[in-house]
Amino acid sequence: FPVTISYEAGKGNTGIRTVSIGQYAGGSNTANYAVGIGYGAGAGNAGENTISIGYEAGVSNQKSNGIFLGYRAGYAVGFGGYTGTDNVFAISNDSIPTFADSTAAAAAITTGNGYPTGSTYIYCDLSTGTIGFVRL
């Protein structure tokens, strides 16, 4: 049974046990056990067991067991010659701030700059090409 909330959420969905929340979320989804939350999230998805949260996250995804977070994260995974495997976890680049290095990140991500305590903040570290974090 599909659960749909919002204008045209889940329209054309043929998957079972799906959740579509947000305008056009989950539209034309053909996969089972798919969740789309946000404008167009999970629309056109064919991958089983996926979670797409954010504006057009997971749109036209073709791979199963995917988690897509943020603006257009995982957009069209499986199209355009992508031959990777299932089990994709993607966070939109727009959702992760970039800093020159860990020192710059630690100086910027502070309570004085408005970051609440009790959370871990991730960032892209340009000096190492990795994902770092600051815990407050």
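# Reading the labels: burial, sheets and a cavity

Buried residues make up 36% of the 136 residues in the protein. This is a predicted model, where local features need pLDDT of at least 70 and side-chain atom pairs count only at pLDDT 80 or more, while totals for chains, interfaces and linings use all residues. Residues are numbered from 1 along each chain as its sequence is written, and side-chain values use heavy atoms, with hydrogens and water left out.

Reader: Why is Asn-61 called buried?

Author: Buried means under 20% relative accessible area, exposed means over 50%, and partly exposed is in between (1.4 Å probe, protein chains only). Asn-61 comes in at 0%, so it counts as buried. You'll find Asn-61 in the loop between strand E4 (50–53) and strand E5 (67–69).

Reader: What makes Ile-16 partly exposed?

Author: Its relative accessible area is 40%, so Ile-16 falls in the in-between class. Ile-16 is in the loop between E1 and E2, and its C-alpha atom is 6.1 Å from that of Pro-2, 14 residues away along the chain.

Reader: How do you know which stretches are strands?

Author: They're DSSP runs, numbered from the N terminus: helices are H or I with at least four residues, strands are E with at least two. That gives 1 helix and 9 strands, running β-β-β-β-β-β-β-α-β-β from the N terminus on.

Reader: And what makes E2 and E3 a pair?

Author: Two strands pair if DSSP finds at least two bridges between them. E2 and E3 have 3 bridges, in the parallel sense, so they pass. In E3, Ile-37 is the bridge partner of Ile-21. Both strands belong to an open sheet of 6 strands with parallel pairing, in the order E1-E2-E3-E4-E5-E6.

Reader: Why are E1 and E6 called edge strands?

Author: Strand E1 (3–5) and strand E6 (89–91) each pair on one side only.

Reader: What makes a space in here a cavity?

Author: On a 1 Å grid over the protein atoms alone, a cavity is a set of points where a 1.4 Å probe fits but cannot get out. Grid points are joined across faces, edges and corners, and a volume is the space filled by probe spheres set on the points. The count is 1 cavity of 30 Å³ or more, and the largest cavity holds about 50 Å³.

Reader: Which residues line the largest cavity?

Author: Lining residues have an atom within 4 Å of a point, and among them are Asn-13, Val-19, Ala-34 and Gly-42. E3 gives the largest share, 3 residues.

Technical notes:
1 Å grid on protein atoms, 1.4 Å probe; cavity = no way out; pocket = protein on both sides within 12 Å on 5 of 7 lines; lining within 4 Å.
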